[in-house]
Amino acid sequence: MTAKISYDEVEVGTELPAQSFPVSRATLVRYAGASGDFNPIHWNEKFAKEVGLPDVIAHGMFTMAEAIRVVTDWAGDPGAVAEYGVRFTKPVVVPNDETGALIEVSAKVAAKLDDDDRTVRVDLTAMSAGQKVLGMSRAVVRLA
């Protein structure tokens, strides 16, 4: 696969299509099984509250993975992401109801980094329940 977006057609300020990702307790259990991260703060409400959390919270790496989907869907190739990093600023609290939580992600091209390498920096914003859940969320993406 190669990126479907052309470096020459992208400008600084280009907004990527925003996406929303629902998260339920069932989602967290499936992620725990796939990742091997069975920390009870991600599935046991009683334990999460005992350690000072408001409720069960989503895995940080799960939140990070959902956010980068905005970039990989836009680029058309997950392999186009050369670098990706975030700071975890707030947890995604996932109540035990029919709704769960929602991670809302937007992103824009913040800089064209290297004409020869055809790379851009994409800055992402990830929100849940009105709070920014990832800080300094940035990806370097190699375009076509």
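## Basis and overall fold

Helices (H or I, at least four residues) and strands (E, at least two) are DSSP runs, numbered from the N terminus. On that basis, the order of elements in the protein from the N terminus is β-α-α-α-β-β-β-β, which comes to three helices and five strands. The model is a predicted one, in which local features need pLDDT of at least 70 and side-chain atom pairs count only at pLDDT 80 or more, whereas totals for chains, interfaces and linings use all residues. Residues are numbered from 1 along each chain as its sequence is written, and side-chain values use heavy atoms, with hydrogens and water left out.

The C-alpha trace spans about 55 × 30 × 25 Å along its principal axes. The protein exposes about 7700 Å² (Shrake-Rupley method, 1.4 Å probe), and carbon and sulfur atoms supply 51% of this area. Of the 144 residues, 40% are buried; buried means under 20% relative accessible area, exposed means over 50%, and partly exposed lies in between (1.4 Å probe, protein chains only). Contact means heavy atoms within 4.5 Å. Among contacts between residues at least 6 apart in sequence, 67% join residues at least 24 apart.

## Annotated domain

The UniProt record, an unreviewed entry, places the feature "domain: MaoC-like" at residues 13–119. UniProt positions are given in the numbering used here, feature names are shortened, and annotations may be inferred rather than shown by experiment.

## Nonpolar core

A nonpolar core is a set of buried Ala, Val, Leu, Ile, Met, Phe, Trp, Tyr and Cys residues joined through side-chain atoms within 4.5 Å. The largest such core has 36 residues, of which Val122 and Val141 touch the most other members. Two or more residues come from each of β1 (15–23), α3, β2 (81–88), β3 (101–114), β4 (119–128) and β5 (131–142). Helix α3 gives the most to this core, with eight residues.

Leaving aside neighbours within four places in sequence, Val141 is in contact with Val71, Ala75, Ala80, Arg118, Thr119, Val120 and Val122.

## Aromatic rings and a charge over a ring

The structure holds one aromatic pair. Tyr31 and Phe62 form this pair, which is edge-to-face, at 5.3 Å centre to centre and 65° between the planes. Rings of Phe, Tyr and Trp (its six-membered ring) pair if their centres lie within 6.5 Å; planes under 30 degrees apart count as stacked, over 60 as edge-to-face and the rest as tilted. The pair links distant parts of the chain, with Tyr31 in helix α1 (residues 25–35) and Phe62 in helix α3 (residues 60–75), 31 residues apart. Tyr31 counts as partly exposed because its relative accessibility is 22%, while Phe62 counts as buried because its value is 8%.

Elsewhere, the charged end of Lys112 sits over the ring of Tyr7, 4.3 Å from its centre. This description applies if NZ of Lys or CZ of Arg is within 6 Å of the ring centre and within 35 degrees of the ring normal.

## The loop between α2 and α3

Pro54 and Asp55 are both placed in the loop between α2 (45–50) and α3. Pro54 counts as exposed, because its relative accessibility is 51%, whereas Asp55 counts as buried, because its relative accessibility is 11%.

Not counting residues up to four places away in sequence, Asp55 touches Arg25, Glu45, Ala48, Lys49, Val93, Val94 and Pro95. With neighbours within four places likewise left aside, Pro54 is in contact with Lys49 and Val93. Pro54 and Pro95 are 41 residues apart in sequence and 9.3 Å apart in space, C-alpha to C-alpha.

## Strand β5 and the chain ends

Gly135 is buried because its relative accessible area is 7%, and Ser137 counts as buried because its relative accessibility is 3%. Residues up to four places away in sequence not counted, Gly135 touches Val86, Arg87 and Thr89, and Ser137 touches Tyr84, Gly85, Val86, Val122, Asp123 and Leu124.

Glu9 lies in the segment before β1 and counts as exposed because its relative accessibility is 67%. The C-alpha atoms of Glu9 and Leu143 are separated by 10.0 Å, although the two residues are 134 residues apart along the chain.
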